[in-house]
Amino acid sequence: MTAQTDTTGPVTTVFKVSGMSCGHCEGAVSGEISRIAGVSSVTAVAKTGEVTVVSAAPLDDKAVRDAVDEAGFELAGRV
């Protein structure tokens, strides 16, 4: 018999966001996504349009889309 251990850790997800063009845009998107429960880190890069999110569990795409919408941008999907 083998013991089963729970080895789940942080989940990293990369999203594509349309419309970011500067550091202010990055901050707005990061700030809104950071408010989602379980999110521990957000890194937005305007140049690539990519937003890397580290969370305790997989994120609900609708919650991320709502946060990005609130920041004034459009979620294009996952990378």
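Let's start at Val 51: setting aside neighbours within four places in sequence, Val 51 is in contact with Thr 13, Val 14, Phe 15, Val 17, Met 20, Val 29, Ile 33, Val 42, Thr 43 and Ala 44, where contact means heavy atoms within 4.5 Å. Before I go on, a word on what you're looking at: this is a predicted model, in which local features need pLDDT of at least 70, side-chain atom pairs count only at pLDDT 80 or more, and totals for chains, interfaces and linings use all residues. Residues are numbered from 1 along each chain as its sequence is written, and side-chain values use heavy atoms, with hydrogens and water left out.

Buried is under 20% relative accessible area, exposed is over 50%, and partly exposed lies in between, with a 1.4 Å probe and protein chains only. As a general remark, nonpolar side chains tend to be buried together in soluble globular proteins.

Now the strands. E1 (residues 11-18) and E3 run antiparallel, joined by six bridges; strands count as paired if DSSP finds at least two bridges between them. Val 14 has Thr 52 as its bridge partner in E3. E2 (residues 39-45) is also antiparallel to E3, again over six bridges, and there Ser 41 is partnered by Val 54. Four residues lie between the strands in the E2 and E3 hairpin, where Gly 49 takes a positive phi near 75 degrees.

Val 42 sits in E2 and counts as buried because its relative accessibility is 16%. Beyond its neighbours within four places in sequence, Val 42 is in contact with Ser 30, Ile 33, Ser 34, Val 51, Thr 52 and Val 53.

The other is Ser 55, in strand E3 (residues 50-55). Is Ser 55 buried or exposed? Buried, because its relative accessibility is 1%. The side chain of Ser 55 reaches the backbone oxygen of Ala 57 at 2.7 Å. Leaving aside neighbours within four places in sequence, Ser 55 is in contact with Pro 10, Val 11, Gly 38, Val 39 and Ser 40.

Over to helix H2. Its buried residues are Val 64, Ala 67, Val 68 and Ala 71. They are on the same side of H2 because they cover an arc of only 95 degrees around the axis, taken from the directions from the helix axis to the C-beta atoms. The buried residues of H2 pack against E1, H1 and strand E4 (74-78), while Lys 62 and Glu 70 are exposed on the other side of H2. Just after H2, Gly 72 takes a positive phi of about 95 degrees.

Last, the annotation: UniProt, in an unreviewed entry, lists residues 11-76 as "domain: HMA". Over residues 11-76 the chain is 35% helix and 36% strand, with the end C-alpha atoms 20 Å apart.

How values were computed
UniProt positions are given in the numbering used here, feature names are shortened, and annotations may be inferred rather than shown by experiment. Helices (H or I, at least four residues) and strands (E, at least two) are DSSP runs, numbered from the N terminus. A polar contact is a pair of N or O atoms within 3.5 Å; within protein, one must be able to donate a hydrogen and the other to accept it, and residues adjacent in sequence count only if both atoms are side-chain atoms.
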